Amino acid sequence: MADPPEANDEQGSNGSRSKIMSSILDPKLLAGEAMGCVEFWSPLGLTVIVLWLLYRPDRFHPTVDSAVLSAHHLTANASNRPTSLRYDLAIELGLRNSHRRLSIRYLDMSATAFYNGTRLGPTTDALPTPFRQGPKNTTVLHPAFRGTVAVDSIVAAELERKLAAGMLHVTVRVSMTLLYKVWLVSEIFFYDYDCRLCLPPPRDDAAPAVADGATECMAVSYL
């Protein structure tokens, strides 16, 4: 007795699916696909590793060698409530290329100061890029941050507490686009560094607060 048409269709469909799954899970086919991936990715992965070990961009860290804080105080509005922060900060930013043979090309660079999460603003003058830095060489830049920024009551209260304690914490974020080149091979790296500064507040007699000693900036993001 012949099977109903529905049963024949179902058996045919099951047989087709089994053949497809068998072909997909065929060990020889899977091995071939795996070898193809290895052959494609191995040269690329090896190249990336070799370039990374050659350039070692993770060893590059800017430093703040000194900082001068001339102003960092609150200004009040008509109701005598502090609503804005006046700041004046100048730093000496050191960029050291420790490679013996490789040069670094600085394609782009910017610096922004922050206090307690509040963005104080970018540098007064743009940093001089692009430029090339030779091996075993140090470049010193002088970013300056001056201006006034609105603050809320929480930031104002925290600043007043820090001023009374005699110590301020300011973060300078330095963003860089670096180019390393060896013969015809070049790589571009994007880095953000945070330079965390501890400074005494300026005195009431307008004498600036000076912080000497190198502060290493740490990488917080990279690409």
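Asp 194 is buried, because its relative accessible area is 7%; buried here means under 20% relative accessible area, exposed means over 50%, and partly exposed is in between, with a 1.4 Å probe and protein chains only. Keep in mind that this is a predicted model, where local features need pLDDT of at least 70, side-chain atom pairs count only at pLDDT 80 or more, and totals for chains, interfaces and linings use all residues. Residues are numbered from 1 along each chain as its sequence is written, and side-chain values use heavy atoms, leaving out hydrogens and water.

Let us stay with Asp 194 and look at its partners. Its side chain meets that of Arg 173 in a salt bridge at 2.7 Å, N to O, a salt bridge being a side-chain nitrogen of Lys or Arg within 4 Å of a carboxyl oxygen of Asp or Glu. This pair links distant parts of the chain, with Arg 173 in strand 8 (residues 168-182) and Asp 194 in strand 9, 21 residues apart; strands are DSSP runs (E, at least two residues), numbered from the N terminus. Asp 194 also forms a salt bridge with Arg 196, at 3.7 Å, N to O. Together, Arg 173, Asp 194 and Arg 196 are linked in a network of salt bridges. Around the buried Asp 194, Arg 173 is partly exposed at 32%, while Arg 196 is exposed at 54%.

The count of salt bridges comes to four. Another of them joins Asp 88 and Arg 146 at 3.1 Å, N to O. Asp 88 lies in strand 2 and Arg 146 in strand 7 (residues 144-150), so the pair ties together parts that are 58 residues apart in sequence. Asp 88 is buried, at 16%, whereas Arg 146 is partly exposed, at 47%.

Now for the cysteines. The structure holds one disulfide, defined as a pair of cysteine sulfur atoms within 2.5 Å. Cys 195 and Cys 217 form it, with their sulfur atoms 2.0 Å apart. Cys 195 sits in strand 9 (residues 185-199) and Cys 217 in the loop between strand 10 (209-216) and strand 11 (218-222), 22 residues apart. The torsion about their S-S bond is about 105°, so the disulfide is right-handed. Cys 195 is buried at 0%, and Cys 217 is buried at 0% too. Cys 198, by contrast, is partly exposed at 46%.

Finally, take a look at Arg 100, in the loop between strand 2 (82-97) and strand 3 (104-115). Arg 100 counts as exposed because its relative accessibility is 72%.

How values were computed:
Helices (H or I, at least four residues) and strands (E, at least two) are DSSP runs, numbered from the N terminus.
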